[in-house]
Amino acid sequence: MTWDAIDIGLMLAKIAVLFFIILTLAAYLVLAERRILAWMQDRKGPNRVGPQGMLQPLADLIKMLTKEDLIPAAADRVLFAVAPAMASIPAILTFAIIPLAAPETIFGHRVSMQVTDLDVGILFFLALSAIAVYGVALGGWASNSKYALLGSIRGLSQLISYELSMGLSIVPVVMLAKSLRMSDIVNAQAEMPFIVYQPLAFVIFLVSILAECRRIPFDLPEAEGELVAGFHTEYSGMRFGLFFVGEYINIIGLGALASLFFLGGWRGPLLPPIVWFFVKVTAFSFFFIWVRGTLPRLRYDQLMHLGWKFLTPLALVNILVTGWWLSLR
Amino acid sequence: MSTEIMTLNMGPQHPSTHGVLRLVVELDGEIVEKITPHIGYLHRGIEKLSEHRTYHQTIPLTDRMDYLAPMHNNLGYVLAVEKLLGIEVPERAQTVRVIMAELTRLKSHLVWIACHALDIGAMTVFLYAFRERELVMDIYEMVSGARMTSNFFRVGGLSKDVPEGFVPAVQNIVDTFIGHFDTYEGLLTKNTIWLQRTVGNGVISAEDAINYGLSGPPLRGSGVDFDLRRDEPYSGYEGYDFQVAVGEKGDTFDRYKCRLVEMRQSISILKQALGKLKPGPVLADEPQVCYPPKEDVYNSIEGLIHHFKIASEGFPAPEGEVYVGVENPKGELGYYLVSDGSAKPYRMRVRPPSFVNLSAIEKMAKGSMMADLVAVIGTLDIVLGEIDR
């Protein structure tokens, strides 16, 4: 593959646009969550800043930036400063492999609607989600606070157990698409989305990404009622903001991946691909918010129990059955 | 690998220690090894203060003990003083007291289910329960002018009759609340995660519950059928038909079910009480003890002097001692009054249900996980204002 100025320029432009899109989406997902939860809970939610509270994310950002940045006296200053970035950067990097729409031909150039179409796309995603654990673990450790430490221990064990079932639930998708490349996976669903062949894998993936995002019912690392705020108890200002935004970017990213793996990504009738993709991702985000409005929190050992003794074996069986089925075809 | 016990200071600032409870918890990983409650952060010396006040002046202090069930605290206190004086309370006052007491039970239990659910992560129930509690608050405001510190009952009856609109407001609660309880049960009782978190959590046997002196739902949840409203009726409770909720296993789920049944029974009592509410006086005819009607105070010199005399001097109570226990939403709230014949109590001792129930926390949560400890705090339904007084 030869690189010329246009390719490089295009890549940079795509990165810039994507950055803008995901940060905006994450900010408005926060607002959407607050408004939708409020609606479910029979209250108003933030509706004062701008029309219907539409400028609330901006106000939140200003607040975060102008808050005092407290670092506990006994904290490990370097790790404490680096951890929020380690939590949010992998979440943002995941978007590099996500195709937002079908490739378009502009001025004779074939432009794919993703930053890079890696041939090991899924591995890249799994690697990033493994790295994201460090943000949680180091953040809690570096704070030198007992609540934060407990939170990060929970975070570590939770993410390790759910990484496994999440990874295993994608294997059948790879088996069906015969590729780890995102564009191939989407193209393999041209006739039928994989959710039809793999409903079980879809459910396992969905539960696992709930845990991966540290959302209720799996929000143990930051369980408010128990650990105050878990691993980010000691964080304030924009450092806390980074953890927070990282979490919401993660929700969007994992929602996007779920729609790519199981719902055919940007494919869909009538509407333009980008709209279809947006609708699917929004549906996942709504589902996440809905779950938060409905379910209580699991206990630490019950969560491990669910992950190791239930989801992982189920995913393994699912892989075997898929292999058997593929060998028959 | 060598491990260490970690000592974790939980509270007094912590989202789920319900006020200013401080627990020093010794943790082995996440397993709770030892719990030492530290109390006293909300101590205001209410018992001591009452020794320097006339009997009437202590009523507002009792509001501030269990601030989630203020009228019940008033009730226990005025019943104790009435028993000391041997005063009979008019029929209407008794019925209004029962109505307010049961509304208070609803109000207190709604806060309990809200906080308990929030501690376990079910956020929506919290807001639903507080929405309903607001209706009870409105009635509080209607009768007493205050939403929390009600100061509504008086020795001998009520401070004033209930206003117009009281009966429809209570009727509205009777009509709508059962549906709301069904909503909570839909969100919790039928939820697998909720069951996993509460069934088998914080178990205490009936024998232990009695030995620790537990009362209220923590006692009944363990299968001990004891309710002061039925066993030592006061304020006319013997005339109401209600069922006492009793659990079996003594776990958090049984206590949860007990309280929900109690809330439904409260609605039934309210319904009966509304039927019994007949016009009549709301203050006993005891000029030595009771304040004169406000019209007399404003319009006649005798009334004014009468009011002034009771307000400034109070009334002397016969020498002696009494104990009255009432079935507070949290358990048995007891008032022990010693009188030396003067206008002020020689000693007032309060038996706070939360304080006694809290003592069982180590028994219930030892060996379980940190998350279970939070559930146990929630299920005990403690109020620190009452523990510290």
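**Notebook: chains A and B of a predicted model**

I began with the order of elements in chain A, which from the N terminus runs α-α-α-β-β-α-α-α-α-α-α-α-α. I counted 11 helices and two strands in chain A; helices (H or I, at least four residues) and strands (E, at least two) are DSSP runs, numbered from the N terminus.

I note that this is a predicted model, in which local features need pLDDT of at least 70 and side-chain atom pairs count only at pLDDT 80 or more, while totals for chains, interfaces and linings use all residues. Residues are numbered from 1 along each chain as its sequence is written, chains are lettered from A and ligands numbered from 1 in the order in which they are written, and side-chain values use heavy atoms, with hydrogens and water left out.

**Entry 1. Overall form of chain A**

I compared chain A with the rule for a compact globule (2.2 Å times the number of residues to the power 0.38, with the radius of gyration taken over C-alpha atoms). For 329 residues the rule gives a radius of gyration near 20 Å, and chain A has 20 Å, which agrees. Along the principal axes, the C-alpha atoms of chain A fill a box of roughly 60 × 50 × 45 Å.

I then looked up burial (buried means under 20% relative accessible area, exposed over 50%, partly exposed in between, with a 1.4 Å probe and protein chains only). Of the 329 residues in chain A, 50% are buried. For contacts (heavy atoms within 4.5 Å), I took those in chain A with a separation of 6 or more, and residues 24 or more positions apart account for 77% of them.

The 23 residues of α4(A) should span 33 Å, and the end C-alpha atoms are 34 Å apart, which agrees. The residue that follows α4(A) is A:Asn144, and its phi is positive, near 60°.

I next located A:Met40 in helix α1 (residues 5-40) of chain A. A:Met40 counts as buried at 16% relative accessibility. Leaving out residues up to four places away in sequence, I found that A:Met40 touches A:Phe286, A:Trp290, B:Thr124 and B:Tyr128. A:Met40 and A:Thr294 are 254 residues apart in sequence, yet their C-alpha atoms are 9.2 Å apart in space.

**Entry 2. Annotated spans of chain B**

I consulted UniProt, where annotations may be inferred rather than shown by experiment; its positions are given here in the numbering of this model, with feature names shortened. The unreviewed entry lists a "transmembrane region" at residues 110-130 of chain B. I found this span to be 86% helix and 0% strand, with its end C-alpha atoms 7 Å apart.

For residues 119-389 of chain B, the unreviewed UniProt entry gives "domain: NADH-quinone oxidoreductase subunit D". Residues 119-389 of chain B are 51% helix and 11% strand, and the end C-alpha atoms lie 25 Å apart.

**Entry 3. A hairpin in chain B**

I examined strands β6 (residues 320-328) and β7 (residues 331-339) of chain B, which pair in the antiparallel sense over nine bridges; two strands pair if DSSP finds at least two bridges between them. A hairpin of two residues joins β6(B) to β7(B). I noted B:Gly334 in β7(B) as the bridge partner of B:Gly325.

**Entry 4. Salt bridges**

I counted 33 salt bridges over all chains, where a salt bridge is a side-chain nitrogen of Lys or Arg within 4 Å of a carboxyl oxygen of Asp or Glu.

B:Glu82 forms one with B:Arg97, the closest N and O atoms being 2.7 Å apart. This pair links distant parts of the chain, with B:Glu82 in helix α3 (residues 70-85) of chain B and B:Arg97 in helix α4 (residues 91-119) of chain B, 15 residues apart. B:Glu82 is buried at 3% relative accessible area, and B:Arg97 is buried at 1%.

I also found a salt bridge between the side chains of B:Arg92 and B:Asp161 (3.1 Å, N to O). B:Arg92 lies in helix α4 of chain B and B:Asp161 in the loop between β5 (157-158) and α6 (166-187) of chain B, so the pair ties together parts that are 69 residues apart in sequence. B:Arg92 is buried at 12% relative accessible area, whereas B:Asp161 is partly exposed at 34%.

My last pair was B:Asp227 and B:Arg229, whose side chains meet in a salt bridge (3.0 Å, N to O). B:Asp227 is buried at 0% relative accessible area, and B:Arg229 counts as buried at 2%. Salt bridges that share partners join B:Glu102, B:Arg105, B:Arg220, B:Asp227, B:Arg229, B:Glu262 and B:Glu327 into one network.

Key
The expected span of a helix is 1.5 Å times one less than its number of residues.
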